[in-house]
Structure formats: C-alpha cells, structure tokens
2 protein chains.
Amino acid sequence: VTKDTTQRKELEDLQEDLREVQELLRRQHLVEVLVQRQDIPRDDQVESMAPKQHFAELRAKLDEMHAADVAYILEALPHEERLAVWDLVKAERDGEILLEVSDAVRETLIKSMDTEELVAATEQLDADEIADLAPDLPEEVIEDVFDSLPADEREQLREAMSYPEGSVGALMDFDPVSVRDDVTLEVVTRYLRRFDELPDNTDQIFVVDREDHLKGALPISKLIVSELDDPVSKIMGSDVVILYTDDNAQEAAQAFARYDLVSAAVVDAQGKLVGRVTVASVVDFMREQSETTALREGGLREEEDIFASVWDSVKNRWTWLAVNLVTAFIASRVIGAFEGSIAKLVALAALMPIVAGIGGNSGNQTTTMIVRAFALGQIQFDQARKLFRKELGVALLNGLLWGGILGLAAWWLYGSVQLGLVMTAAMTLNLMLAAIVGVMIPLAMVKLGRDPAIGSSVMLTACTDSGGFFIFLGLATLFLL
Amino acid sequence: VTKDTTQRKELEDLQEDLREVQELLRRQHLVEVLVQRQDIPRDDQVESMAPKQHFAELRAKLDEMHAADVAYILEALPHEERLAVWDLVKAERDGEILLEVSDAVRETLIKSMDTEELVAATEQLDADEIADLAPDLPEEVIEDVFDSLPADEREQLREAMSYPEGSVGALMDFDPVSVRDDVTLEVVTRYLRRFDELPDNTDQIFVVDREDHLKGALPISKLIVSELDDPVSKIMGSDVVILYTDDNAQEAAQAFARYDLVSAAVVDAQGKLVGRVTVASVVDFMREQSETTALREGGLREEEDIFASVWDSVKNRWTWLAVNLVTAFIASRVIGAFEGSIAKLVALAALMPIVAGIGGNSGNQTTTMIVRAFALGQIQFDQARKLFRKELGVALLNGLLWGGILGLAAWWLYGSVQLGLVMTAAMTLNLMLAAIVGVMIPLAMVKLGRDPAIGSSVMLTACTDSGGFFIFLGLATLFLL
C-alpha cells in the first residue's frame, strides 16, 4: 500500500476536513429534498446532475485522503452519513480502510457490504492483515479469499490465523528483508535495488544462513555509511532482540519501548526467521491495550460507537451494571441486618456512606499503584510482606487523620463523643481492610494469570462497601446502644 | 550513546537478572555481617577481598546490561539495595540511566549524588535529554552544565528548556540529518558515509534549501534502492508530516500512530528545520500519558515508588482523599436532612446506597465513552444534542430494567408495593441524572481546556451520590410518609 499520493494531516486539519465532508453531505441532502419536493422525474437532466456534483467533490476529497483519515471521518459520522461516505470510497481502498477503523465501526461497514465486495476488499491485503480482519468477516468470505490466494500466501494466511490473540505471531508481518551472511555489502546493495521501495519500518536487514536460521541483523543506518566491499559478517550486529512466535505480545511491546526498536525479527522454535514485528504495529497494539483497559475499568464491555443505537449500548453495558447491582444489594443487606440499630440512632444512616466511600477510594489508590508496578514487571511475590506493611502503615496514618477529622465532625453535628470515637475507629479499620484487600486482589489476579487492571476495582469496592457498613454499624451496635 | 556492547532482553530474562542481582546483594550483605561479627579489622586481606568479589561480579553484570534494564533493576529494588547498585554503575553511564528511570526513582538517585557527580553525569547527554532531566536537577548543576557546554549546544539547551511541557518542542531532538535539494544521491551517500552511524530512528533524510527551509524528505528505504546519479529532487517526497515547535505533543503522537511514522521534521514559525521527533520518543510519551491518566484516575497525585516511605505515600495520596471526603460529607448531609423520614421508615437506609451506587456506575460508563471519543477527536460540540438523546434513552431503559428488578426486591423484602414503586422511580431518575451529568462534565472540561480523563469521575460520583440520596429520600418522604 503506497501512501505517497495521499495527504497526511494533523488532527486540527482533519477536523476541518470532517466539517467539509459534513457540509457536502448536508448540501447533497438539501438538493435531494428539493428534487423530491418539486416532484420532477428523477431522470431529468438538471436535477440528477446537481446531486452528483456534491458527491463528485466529496469523492475527490476522499481519494486524496490517507486511509487512516478516511477511517477517522467514518468514525465521527452518524450511521446514515457514514454509509453514504463509505459508498463513495474507491472499492480498491476498502480493505486498508477497514483495517484502520475501530471494531465497532468496522462492524457497521461490513454489514453494509455483500460477499463479493468483501472478498474484493480483503484479497488486496497482506496475509497478516487479512488475519486481523478475519474475526469480523463472514465465514464464506474467508473461504473465498483463501481459495483465491496463491499457494505461498495461503500458507502465510493459515499460519497468521493460527496464532492466538496477544501473541507475537498475531502481531508480526511477513515482510522481513533478509540476506545471507557470506556475501558483501555490494551484493546486499544490489539485491536491495531490486525492490521498488523497502517495506515500511525496515531499519535493518536480517542476516540468515542457508537454512534461514537467524544469525544477526544489518542496520540500514550502518549499511549506508559502510564500505561496499566489506562482508556482511563484519558489519552486522549479532546482539539483536529476537522474538518467538509464541512470545507474549505485551512483553514484546515493552521491549520495543525499552530499547527504542523500529523492527525486531521473529523466529520459530527452530530459530528460523519467519517474520518481523514493527514499531507501527506495536504502537497500534499499545493504543488498543490502554483503550481496552480504560473501557473495561469504565464498565464498557467493548468499545462503543458513539452513534450506536440505544439498544446496542444497553447490551454493551449491562454486564457491569448487573455485577454492581449484586454487590450493591449485598451491601444493602449488610445494612438491613442493622436496621434495629439505625432505628435507635438514625445518625448512623447519614454517617455510614462516608466510611464505606473513603475506604473504597483509599483501597483504589493502593490497587492502582500495584497494578502499575505489575504492568512494569517490578513486583515479585516475595515482596508482598513489605508491601502489606507499607500499605497498612499508610492506612493507619490516613485513618487516624481523616477518621479523626470526621470523628470531630460527628461529635460537633450530633453532640456525642462516643459517636465520634466510633466514627474514627471505623474509618481506621475500614482503611486497613482496604489496604489488605487492595494489595491482595491484584496479587491474586496475577497468580491466577488474569490482568489485574480489569475487575480489581469492582471487587475492592464491594469489599470496602460491605466491610465499611459492617464495621461502622457493628461498632456502633456494640458501643453506642 | 551506543548500545552495541550491551545486551537486550525480554522481561522474563530481565526478572531472572533481577533475582541474580538480589542474590549477589544478599551474599554481599552476609559477608559483611560475618566480617563485623568476627571483629576482624577491615584492612585484613581475606575479608576485604571477599566482599569485593560479589561486588565485582555485580559490576560486571551491570556493565553488560542495557541502560533501560539497569533502570528496571533500580526501580524494582528497595531503597538501600537500590543505592548500593547505583554506586556500582559506571559513572559515565549515570546520565543515560537517570533518563530511563521513573520520576520517583530518579529523585531518590539524584538525592544520593553530589553536585560534581551530577554535572559529570549530565554533561554527556544531548541538549534535549538534559532539558528532560532539568526539572529534577538542583539549579547549580544546571548552571555548571550550562557553562561547560560548547556554544552551539548551549544554544540548543536554552532552546530545549524554553518549550513548555506537552509541546512538540519539548518532545523533539536536535539530530535531524539534512541535505540540500540541488545535489545528487551520490553526493548524499558520500555525505552520509562521513557519519560513523546515523542517529537512531533515522528513516528519512530531510531536504532543505540554502536557508534551511524544509523542502521535503528522502526516505532511506528509497535512497537505498535508487540510482546514485539521480538528483535528490527526483526521489524526495514533498508530502511529509511537518510539525511545529509549538504544536501539541499529544496530536503529534496521534499523527505518528495514524501514519505509522518513524520520524517527523520539526520546523519553526519561519519553516526552518530545527529538529525532529522520533517514534521512540513518541512511544515513551504515550506510555507516560496513559500512565499519568491511570494514576490520576486511581487517585495518586504522581507515580509512586512502590518502596516509598509511608510518609511520602500519604503526601502523594492526601489530595484525592480530601476531595472525596468533602463530597462524601456533602452526600452525608443530604441524608442528614431526611433523618426524620429514615427514623419513620428504616428500610430507606438500607436501600438508598443502591440507588446512589448504580447511578455512579452508569454515569461513569457514559463518561468513559465520551472521554475516549474526545481523545480520538471524534466528537464535535454540535453533536451534543444527539448524545444527550441517546444517553437519556439508555438511562431510561436501564432505569426501568434494573429499577424494576430492585423495585420487586424491595417489595419482596419489605412487603410494600409503594416502596417498590419509589425504588423503581428513584433508580430511573438517578440514572437519567447520571446520563445528563455524565455527558455534561466531560464536555464542560473540554470547553475549559482541561483533560476530561482526569477528575470527571470524582465530580460525576459526587453528583450521583448526593443526587441519588436526595431523589430517593425525597420521593419516599413525598409518597410513603
């Protein structure tokens, strides 16, 4: 996919483009409305010309835009206008644009295409790109594409589709440029000249032996400054980051960030070069990761098209609400068990949410810090005791500080020293509970092989809510009634 | 900074290294304890040799590690061991390692160094790197470094330090390789051969005129496949992404992700080439951004060294707790205003946290979706009405659904149809309040030029808590008592 004929823009210019597209769509719509009102037959020369003019202008505009920018426009448009624009995009660009749009929007676009169009769009892509689209495509499309590919690409597609999501295999492409280690740079240069252009993100040529075993890499930045009669083996570096197809993509991404890589070789279990990972795919992967985490934490099952129907939104959000409803109901029953105490001392009802709420906030601070340290690989399990000690210390200090302030407030509001003391004690105990649970939950999730960033917060809040109500109402029942 | 002599590793191997370092430190410690116990004078040959052996081994290990990996080890070690390892790092690597460690850990390392050591460490860095470190360095160090630099680098440092955080100027380096547009590729190649190695992430040579105005770029991947007697102007692309020093770094990062860039030229207001941004710095920037957001959302003012002292942690966390305390206190006073009603019907106390809690969860779903759409630049203000309509629809449906279930539960638990109806109505109204506030808060924050990802959640929860209590207890007072 060449990008030279398309323009690249910064976000501001892109928003300008979006407004322009909307304006063209609006004018187009107006003309159509007028045509209908005047009841002039559709085949009349003048009226059927006018609408086409706006569309022609729009089509020209889309043609000169980069695929990623067309994707941006499609994502920012409401359903109907989105499909109108999609129809105007040149068929041969459908594939690359489908790759760029978000999952939710991709779904709406694919729904609007028939099998033939989808096969035509998909066929133009590389094997690793087809594999990325595959989960969203109808099965018969995949089969048709499969049949239409030449044998070697078919093999690549089969391979690409076999790697599980989140593995290096799923992240890599099949574009590594490689040379043998027993030739001179002169030969390498002549070989490279046979390309029209090197694949994107080619910052190094991989060096292999006769059996394709990876031996090292030849950075382009060195190749370009070296004498051409030097042998490859003299210039190449043998200290390269080597990834395996079944490595964790997350860890590969961390290696890219740590070592400022532009590309890295991927080898199979036998050490044979099978592909490469590029920084472009790593950047996309990182963005997806941090987005998924943000969505999950915010309670969305998957990313949501902002123009999704009410019904689609409800489906996307119900799991999280149901889980929270259950935990809230449990907390409510804890309070229910102390209704007798509340009836006797109604101030408890007003004060109890403070104890529960601050516990949740404090516990989330602990969990956030630990989740981050895990993401960076900095925590080992044998340090858990040290962490517990520190977090309990923080909780004790915070409990005495904020609990003390609230105790004074309760004393002042309700004129009861005992109530103030119970408030302070309950705050301190709930913050300590929050500290213990806030450390334990992420540790347990990592032990179970799950991502601690997702779900920790709900579980923690469930504990500190129910726990906070129980501690506060329990202490009040023991000491005040 | 050359990386060729150091080894690069994946996270697993790195954790192995960490364990090894800890083991060496532990042995070292044991030996020292033994020496002290036996009360043998320190200058005795055998005992002073033994400790040194472990240190020598450790030092050798550190020497062969990549700077980013040494940084990882330092971050994962508790305070005392961290400083022991830091002492063993070669002085000439101090600078690059300080650049790699997290802010919190950098602070502890800088505290352990005197002015002279800091000046020596800083001097070896590039101007843009010194500017990155500058906020953490004592002023006299900056001054000394400034005086010691040659004139051109001093000018660069002054420039680099003048750009505000979050601007492209602060992100860029001063390493762009440029050539004139009126020469042949032969000349370019000869010019490049004069470098030992091209700067990292050099995927294109920038083309400028006599006055350094940017004319285009010559991709290395094209240079390497072209005939050497072609002129630069024939091969160069003029459609390059051009950044300005005062552009927003966030938008520049988005351009890198959208267009799969490895480097981009930075020009000043006159169009003169002044620097370049690399994908490596963009990746670091993206990681920092997503981390900062996660930390802020989780209630930490800044990143926290997991081995920070209790007191440092308390300081890092108090703002957030104080804010939440205030909002919780306000919600508590809302309940306090209805104490008469609760005293008459104590079931209200048990049910009210459900109404408030689910409102907060649902509103956060709305806010999360909108914050994400803003981050991708997909929302325009004229679409706000559409969004309100959709979110109110979702809230109405969810309110009737979940409110209905809870109404039935309340009826079943307390045997009162009216209580059930009030529960359902309160849930529906609070979810609709959450939808309105959940859309309005991020929109307002963007209007005010603030990052909607930070702080929206606290404000929203404050509204849905106080609002939820008020709606539920208010309806109950009106219809049940």
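Predicted model: local features only at pLDDT ≥ 70, side-chain atom pairs only at ≥ 80, totals over all residues.
## Two copies and their contact

The contact draws 131 residues from chain A and 131 residues from chain B. Of the interface residues of chain A, 100% are also interface residues in chain B, so the copies meet through the same surface.

| Item, chain A with chain B | Value |
|---|---|
| Area buried | about 11,700 Å² |
| Share of that area from carbon and sulfur atoms | 61% |
| Salt bridges | 10 salt bridges |
| Polar contacts (both residues at pLDDT 80 or more) | 30 residue pairs |

By class, the side of chain A that touches chain B holds 69 nonpolar, 29 polar and 33 charged residues. One of the salt bridges joins A:K390 to B:E304, with 3.0 Å between the closest N and O atoms.

The nonpolar cores come next. The largest nonpolar core has 138 residues, and A:L243, A:V277, B:L243 and B:V277 have the most contacts inside it. Leaving aside residues up to four places away in sequence, B:L243 touches A:E10 in chain A. Within chain B, B:L243 touches B:V168, B:A252, B:F256, B:A264, B:A265, B:V266, B:V267 and B:V277.

A second, separate core has 78 residues, including A:V422, A:V458, A:F472 and B:L419.

Conventions. Residues numbered from 1 in each chain as written. Chains lettered and ligands numbered in written order. Heavy atoms only, no water. Contact = heavy atoms within 4.5 Å. Buried area = accessible area lost by both parts, 1.4 Å probe. Salt bridge = Lys/Arg side-chain N within 4 Å of Asp/Glu carboxyl O. Polar contact = N/O pair within 3.5 Å; in protein donor to acceptor, adjacent residues only side chain to side chain. Nonpolar A, V, L, I, M, F, W, Y, C, P; charged D, E, K, R; others polar. Core = buried A, V, L, I, M, F, W, Y, C linked by side-chain atoms within 4.5 Å. Buried < 20%, exposed > 50% of the residue type's maximum accessible area, 1.4 Å probe, protein only.
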